[in-house]
Amino acid sequence: MNAENALALEAYSFWFKPQGGQPEGPAALEELSFAIGAGSFVLILGRSGSGKSTLALNLVGIYPDYFGGRNQGRMLIADPERGLINRRELEAAERFKRVNMLFQNPEDQIVTLTVEEEVGFALENYLFEPPEIHRRIDRALELVGLNGFRTRETIALSGGEKQRVALAAMLALEPSVLILDEPTSNLDPAGTADVLATIDHVREQLGVTVMVIEHEVDEVFDRVDTVLLVEDRHVHGPYSPREFLSERGLMVRDDMGLWIPQAAEVGLELRAAGIELDGGVPLNGAELTAAVGALGLDLRSSGRSEELSANSDVAAGEPAIEVRDVSFAYGEHPVLKGLNFTARRNELLAIVGQNGSGKSTLASLFNGIATPDSGAVLVDGMPTSEYEFAHLAKRVAYIFQVPEKQFVCNTVYDEIAHGLRALGMSEADVDTRTVEFLETVRLLDRRDASPYVLSHGQKRRLSVAAMVVGQPEVVVLDEPTFGQDFHQARNLMELLRGLADDGAAVVFITHDMRLVAEYADRAAVLCNGEIVFNGTPGELFAAGDVLERSRLKAPSVYEFSRDLLGAPVMTTQELSQRILEAADGQRRTVV
Amino acid sequence: MANVELSFKQGDSLFHRMTPFSKLLLVLSVSFVAIFNTNLYVGIGLFLFCLFFSLFLTGVPFRQYWALGKIIVPFVMILAIVFPFFYGGQATVGSDAIALRTPIKDLSWGALGFGALLGLRFLALALAGLSFAFTTHPTDLVQNLARRGWDYRLVHAPVLGLILFPSFLKLGRELSITQRIRDLGQNTNWLKRKWIRVTHLAFSMLVLGLRNGQTQAMALDIRGYGAYKTRTFMREVPKHRAGEIFAWVFFVLSIIYLIYQFNPATMQWNIAS
């Protein structure tokens, strides 16, 4: 542990406060020892429920100071004058000034009405004098690129702007360590890029140590210099990003279900097949392109560029939902303007667009939650306005982004059975079908548990299962893979693929372009309430003007496969396969 | 603020310049007189006074008041129309001469005056409350009361409420949509279905609301909320002497009036009996 460290843990353990007279459970964090260099950019990885947030809240001091629990060992924080000191030597309020945290959802963090009040809120609480408060507000807003936003109302900001305001509020305190809990998870690709660029700028200007918990690692991995892996109450690392991917890359993806960068996936798959790339595991597309280029393979003449979409062989069926000249407004604010498009049976349709473009509003028209101001939404040829709501809800299943909002029963079993009882099935049939479905979604062993106590992945599977058990003709999902790990996301999308293959029309709203590339048969882009694109994902990613206008971004595999192959592919597996085939071809030629 | 109904409107009217404490004093005075007054003419006067300052001293367009007024007016009409039938001489608001014969009951001038007084009372309260809400920035209220010795954590609670209330409403709306989508209470009668839905709504809002509340509490702690007994304020709320005098004068007058007209025998709820 040297004086250059911003933070260090020595044999640190933490136990949650026992609930309701129960004995204390096992340690939630056990014997952690690591040090983080001053000015580092650290990525904290771990599967859902592994203890990432518990670690972050301990580093900040919320645990055990505010929400109880017991800790043991030492946590050292850099002090400008005394070097590393035990955190306990500081007053609780002072600890937050040194190590601060930005939560996943900025809505949870905004507590005032205007931007300047929000940024100045903590400064007022810490008794800063007004001139200093104003100086710091200006500085923090400049750092996050929101100079002209001082008097804006917080409620009127976009998701990305709110996140940057919340970040500015933290920066105004000038902490030495800043922890960010999934800061981009609610943002569209452009909003994500803005926030990450802001973090880069802040690090450059202030030299602050940043620790980020993130699932979407494609944009992050080549920015960070340190990786920590939280697994089973322990923290592994620190690693350098390349060292982490090299030692644990495919293992964390395949065994733990963590996302890794697409370029690294290709590099690791090639390595597994015996092709070692120069420079080790690539962290981004540029490194992969250079390393594969150095292999001297003839990738451009392998001639399969017409197979652009991974899903283009799917034959879409009859229209299930037809949107005809639909307009919709909230009060005087128009949200949807004269939309026309169709969702067909047997297809997975992705609706994409920037935050606030009207995607969720559009989806809410499909099952009659909202009705269009003009035009009509037809389900099986009949306007939604002519359906009885409960009847329409059975035909068009709508699945919220947050699974908890979907639960209406006290047990997992009843959640599934509820939908079957609504169909008037006998109890014996309900039981048979429910058990079958619980097996399918791997929740049979939790049949008597409360839906609220499941893990996030289990909740998502349950919410989907509960809505599709009645075999609806249309399934509409809002951000289906939000907060899901690699395996959970894939399992869920395979389930949806199965529903589509069985004749349902599946419509999903997402910001995840990787998901669109890998699973969508078709993508519709909403921009300022209008459909500006309707076609295959491949066509979408080739339409640069549409992407720019709607603040979207093609997945990185699309970009670097285009550089490598001349014609892009949609998945890392496809690219790896093409490289391996070329290598194999070259080998045979040589022989 | 687009989504908050009772929200501050920027302006430079007399009411905007008054300190939040002065306005609070004025509104409290109006409220006490409105609630305890038993004289119809004072009720009319108070209503006109509130209408005057709402329309001419706050600088807020009438349509802003009407946006909420249209919700309150039916309630006021019900009070004014229904309550005369329950008049038992609780207030000196008219003679006992029959003014209106109805199939249910013959209504005296006193009964009609009683209904009118009730209606005017709520209109005066609504106008005073809205004038306060439209012209008082919540942060100024926190500062003004904190400077008068109130605990800032206590007075900041309404601001938090103002910010968090829309998200709480949104949660309720989403849960309600879920109940409709999933046909909660299916195959039960209307009453039982309502009961099932209300209990589910209450439980889910409690669980999810507590979870959100916990995160927000952490967010406040992290930002030093409550770390010290006092706090600084980035911007001073200017004092407005004339407004303060006006509010105190009205307060004193209202106390004098209430003492003058206090008569247990003529109070609406007849506390003498």
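Which residues are buried in H3(B)? To answer this, open the predicted model and select helix H3, residues 40-57 of chain B.

**Stop 1: helix H3 of chain B**

The buried residues in H3(B) are Leu40(B), Gly43(B), Leu46(B), Phe47(B), Cys50(B) and Ser54(B). They cover an arc of only 125° around the axis, and therefore lie on the same side of H3(B).

At 1.5 Å a residue, the 18 residues of H3(B) should span 26 Å, and the end C-alpha atoms are 25 Å apart, which agrees. After H3(B) comes Gly59(B), which has a positive phi, near 70°.

**Stop 2: Asp106 of chain B**

Select strand E2 of chain B, residues 106-108, in which Asp106(B) is found. Is Asp106(B) buried or exposed? Asp106(B) counts as exposed, because it has 11 C-beta neighbours inside 10 Å.

Leaving aside residues up to four places away in sequence, Asp106(B) touches Ile98(B) and Arg101(B). Now select Phe85(B) as well: Phe85(B) and Asp106(B) are 21 residues apart in sequence, and their C-alpha atoms are 8.3 Å apart in space.

**Stop 3: where chain B meets chain A**

Display both chains together. Here 40 residues of chain B are in contact with 47 residues of chain A. On the side of chain B that touches chain A, the elements giving two or more residues are helix H6 (138-147), helix H8 (157-181) and helix H9 (190-222) of chain B. The residues of this side comprise 21 nonpolar, 12 polar and seven charged.

**Stop 4: strand E3 of chain A**

Move to chain A and select strand E3, residues 41-45. Five of the five residues of E3(A) are buried, so this strand is largely enclosed by the rest of the structure. Phe41(A), Leu43(A) and Leu45(A) point one way from E3(A), while Val42(A) and Ile44(A) point the other way. In a regular strand the side chains alternate between the two faces of the sheet.

Strand E8 (residues 209-213) of chain A runs parallel to E3(A) and is joined to it by four bridges; in E8(A), Val210(A) stands opposite Phe41(A). Strand E9 (residues 226-231) of chain A also pairs with E3(A) in the parallel sense, over four bridges. Ile44(A) has Leu228(A) in E9(A) as its bridge partner.

**Stop 5: an open sheet in chain A**

Which four strands of chain A form an open sheet? Their order is E12-E11-E14-E15, and the pairing is antiparallel. Strand E12 (333-344) and strand E15 (382-383) of chain A stand at the edges; each has a single partner strand, so one side of each is left without a neighbour in the sheet.

Zoom in on strand E14, residues 374-379 of chain A, which pairs with E15(A) in the antiparallel sense over two bridges. The bridge partner of Val379(A) in E15(A) is Met382(A).

**Stop 6: the domains of chain A**

Finally, colour chain A by its domain assignment: domain 1 (5-254), domain 2 (262-309 + 559-590) and domain 3 (319-535). The centres of domain 2 and domain 3 of chain A, taken over C-alpha atoms, are separated by 36 Å.

Conventions:
Residues are numbered from 1 along each chain as its sequence is written. Chains are lettered from A and ligands numbered from 1 in the order in which they are written. This is a predicted model: local features need pLDDT of at least 70, side-chain atom pairs count only at pLDDT 80 or more; totals for chains, interfaces and linings use all residues. The expected span of a helix is 1.5 Å times one less than its number of residues. A residue is buried if 20 or more other C-beta atoms lie within 10 Å of its own, exposed if 12 or fewer, and partly exposed in between; C-beta atoms are placed from the backbone. The arc is that of the directions from the helix axis to the C-beta atoms. Two residues are in contact if their C-beta atoms, placed from the backbone, lie within 7 Å. Two strands pair if DSSP finds at least two bridges between them. Ala, Val, Leu, Ile, Met, Phe, Trp, Tyr, Cys and Pro count as nonpolar, Asp, Glu, Lys and Arg as charged, and the others, Gly among them, as polar. Domain bounds come from an automatic or database domain assignment.
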